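Hi,

Here is the structure I promised to hand over. Have a look at it first, and then read on for what turned up.

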Amino acid sequence: MRAQYTRLYADASGASHFADLEIELVAGFAVPPAEPLHRAQFLAPDSTFWIGAPTKWNGETAHPAPRRAVFVTARGEYEVTSSDGAVRRFPPGSVLLLEDITGEGHSTRITSSEDCIVFAVGLPASSAA
């Protein structure tokens with residue numbers, strides 16, 4: 001069993017790019033008598049928080065992420081454009097690893113007709129990815 005997520009990162013020249021990544025989940029996470037679930041260690045968090053963006057929120061001017069974080073879309077949908085011109089949409093259930101904290105950054109806009117709610121997991125400043 002595998003889980004998929006998207007990584008947004010800055011390269012050595014400061015341009016942001018997307019990368020599609022997967023992580024293998026293995027059986028063994030359970031409390032008997034429940035059957036084992038599949039799991040994988042991911043990234044160590046340092047905080048969790050909610051982010052809400054109204055439909056008319058304007059993030060269309062390029063900007064780097066304010067910190068490393070994992071975004072899980074809970075409601076609504078948003079679109080991110082990396083500085084290399086790639087565009088991705090993140091509907092409910094999608095997972096985005098934000099690591100473009102330097103360089104040109106990315107632009108963001110809300111694409112749904114409802115407000116966008118994201119559950120965010122803050123990560124330490126250093127990257128192991």
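A word on burial before anything else: a residue is called buried when its relative accessible area is under 20%, exposed when it is over 50%, and partly exposed in between, using a 1.4 Å probe and protein chains only. Please keep in mind that this is a predicted model, so local features need pLDDT of at least 70 and side-chain atom pairs count only at pLDDT 80 or more, while totals for chains, interfaces and linings use all residues. Residues are numbered from 1 along each chain as its sequence is written, and side-chain values use heavy atoms, with hydrogens and water left out.

Let's start with T73. It sits in strand 7, residues 69-75 (strands are DSSP runs of E, at least two residues long, numbered from the N terminus). Is T73 buried or exposed? Its relative accessibility is 3%, so T73 counts as buried. The side chain of T73 also makes a polar contact, reaching the backbone oxygen of F90 at 3.4 Å. By polar contact I mean a pair of N or O atoms within 3.5 Å; within protein, one must be able to donate a hydrogen and the other to accept it, and residues adjacent in sequence count only if both atoms are side-chain atoms. Leaving aside residues up to four places away in sequence, T73 touches Y78, F90, P91, P92, G93, S94, C116, I117 and V118, where touching means heavy atoms within 4.5 Å.

Two of those neighbours, Y78 and F90, come back among the aromatic rings. Rings of Phe, Tyr and Trp (its six-membered ring) pair if their centres lie within 6.5 Å; planes under 30 degrees apart count as stacked, over 60 as edge-to-face and the rest as tilted. How many aromatic pairs does that rule give? The count comes to four. One of them is Y5 with F42, an edge-to-face pair with 4.9 Å from centre to centre and 75 degrees between the planes. This pair links distant parts of the chain, 37 residues apart: Y5 is in strand 1, and F42 is in the loop between strand 4 (37-39) and strand 5. Y5 counts as buried at 15% relative accessibility, whereas F42 is partly exposed at 35%.

Then there are Y78 and F90, whose ring centres are 5.3 Å apart with planes at 25 degrees, so that pair is stacked. Y78 belongs to strand 8 and F90 to strand 9 (residues 87-90), so the pair ties together parts that are 12 residues apart in sequence. Y78 is buried at 5% relative accessibility, and F90 is buried too, with a relative accessible area of 2%. Together with F18, Y78 and F90 form one aromatic cluster.

Now the pockets. On a 1 Å grid over the protein atoms alone, a pocket is an open set of points where a 1.4 Å probe fits, with protein on both sides within 12 Å along at least five of seven lines; lining residues have an atom within 4 Å of a point. The largest pocket has a volume of about 320 Å³. It is lined by 19 residues, and the closest to its centre are I51, W57, F71, Y78 and T108. Several strands supply at least two lining residues each, including strand 5 (47-53), strand 8 (78-82) and strand 12 (116-122).

The second largest pocket has a volume of about 150 Å³. A volume here is the space filled by probe spheres set on the grid points, which are joined across faces, edges and corners.

Last, two spots elsewhere. S112 is found in the loop between strand 11 and strand 12, and at 16% relative accessibility S112 counts as buried. A polar atom of the S112 side chain lies 3.1 Å from the backbone nitrogen of E77, and the side chain also reaches the backbone oxygen of E114 at 2.7 Å.

A62 is in strand 6, residues 58-63, and is exposed, with a relative accessible area of 52%. A62 and S107 are 45 residues apart in sequence, yet 4.5 Å apart in space, C-alpha to C-alpha. Not counting residues up to four places away in sequence, A62 touches E104, H106 and S107.

Cheers

Note on methods. Helices (H or I, at least four residues) and strands (E, at least two) are DSSP runs, numbered from the N terminus.
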